[in-house]
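Morning, everyone. Please bring the model up on your screens.

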Amino acid sequence: MRDNDAALVKAFRQSSPYVNLHRGSTFVVMLGGEAIDQDNFPNIISDIALLTSLGIRLVIVFGARPQIDRGLEEAGLEGLFHKHTRVTDESSFRVIKDVCGGLQMDIMARLSMGLVNTPMQNARINVVTGNFVIAQPLGVDDGVDYQHSGRVRRIHTDTIHHQLANGGTVLISPIGFSVTGESFNLSSEELARRLAIELKADKLIGFCSQRGVMNEDGVAIAELFPEQAEEHLQRLLAEGDTLSGTARYLRAAISSCRAGVPRSHLVSYREDGALIQELFTRDGLGTQIVSQSAEQARQARIDDIGGILDLIRPLEEEGILVRRSREQLEMEVDQFTIIEKDGAIIGCAALYPFPEESMAEMACVAIHPDYRRGSRGDMLLHKVEEQAKKRGLTRLFILTTRSIHWFQERGFEPVDVSALPMGKQQLYNYQRRSKIMIKSLA
């Protein structure tokens, strides 16, 4: 098999757990006007079409800030804002409705493409629009009348769910309608936030100019809890960054997460394939705001045996770990702690107690090669130490052939075979010549 073909097969296989995980899920996708303006936008549409073909239910909310600004400028109208919110008078609203109506038609047209030899071939997406959102006016603030700028009052969630259940992709404009027959200009981020919460969506997805929320070194932060995301949002606001896609999206994502939406993703609208890499690879390519980390350390269960075997077999073949049969693992699975990320086991360690000597062995320590630069080993060591202490054990020992310095840096000291529990001394393999190290847990 050629290298390119092998890489394709590997990537396809690694994506399959995420295909199964996402099938039948509901995603709210927020397409800002900045994303629509990009040369990469046709690729984003193709990726959205791929999501629908994989059985994901999509609600797409689009924004139009840069398009509206250009439309107002061409009409000789000034864009008015109060507290970073657009004031929409009659003249401006006529332009806004024209712009949003045109964008809605353009997006529907792109989602309807089916040309041969393109990613959209045979996509056959059924796009549904309608008056799903009931709006109300923002009213007057500090003497400023927002006029036709509004907020979401109610969402017809039953109707949207019905359309999704019938295979439709729901496209929602930032224009809402009121019970009095009026229409209002809405914030697309606020609209997407309310939709994600009230539809009980599995994900809220947004786009920005960078790969996501960036750290001080210019690297995208893979995962943030709402409190951490709030710190980054306040930093952006302190820097005067009130209108960027990142700041607007973070506000919506934090609120959504706190209201029960499990994960909100922020990806680049400039980078081709960023959405697919974020959703269908273990490490993603953007930032996700999560209520619970995608990476969890927990006790192993019997249905984890296959994943543990996949993790430790390569190390057994290299002679780094002692070989264990499936039957042995099944009997000892209660001794194992694993690190799980999106359903995949990326780390494991076992704890074997010797209560008569008040000691325990930490064994079968393995981290997936793609994750060895992180702190997963420390996470496993901490969990194992906690378990040993709860059992009233006072010393933890390991046998290692390759990781001597790593354990020394974490408080383990070299000893000879005589320091081991008697039962372990009898099993010591002198041919392997493993180094023995002990740490006090007091």
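Contact here means heavy atoms within 4.5 Å. With that rule, and leaving out residues up to four places away in sequence, I48 touches V29, L31, L58, I60, L111 and L275.

Some ground rules. This is a predicted model: local features need pLDDT of at least 70, side-chain atom pairs count only at pLDDT 80 or more, and totals for chains, interfaces and linings use all residues. Numbering starts from 1 along each chain as its sequence is written, and side-chain values use heavy atoms, without hydrogens or water.

Now the core. A nonpolar core is a set of buried Ala, Val, Leu, Ile, Met, Phe, Trp, Tyr and Cys residues joined through side-chain atoms within 4.5 Å. Buried means under 20% relative accessible area, exposed over 50%, partly exposed in between, with a 1.4 Å probe and protein chains only. The largest such core has 41 residues, and I48 is one of those with the most contacts inside it. Which helix gives the most to this core? Helix α5, residues 90-111, with eight residues. Helices are DSSP runs of H or I, at least four residues, and strands are runs of E, at least two, numbered from the N terminus.

Next, the contact between α4 and α5. From α4 come Q67, I68, G71 and L72; from α5 come S92, V95, I96, V99 and L103.

Last, H148. Buried or exposed? Buried, at a relative accessible area of 13%. H148 sits in the loop between β8 (144-145) and β9 (150-155). Beyond neighbours within four places in sequence, its contacts include D89, F93 and F184.
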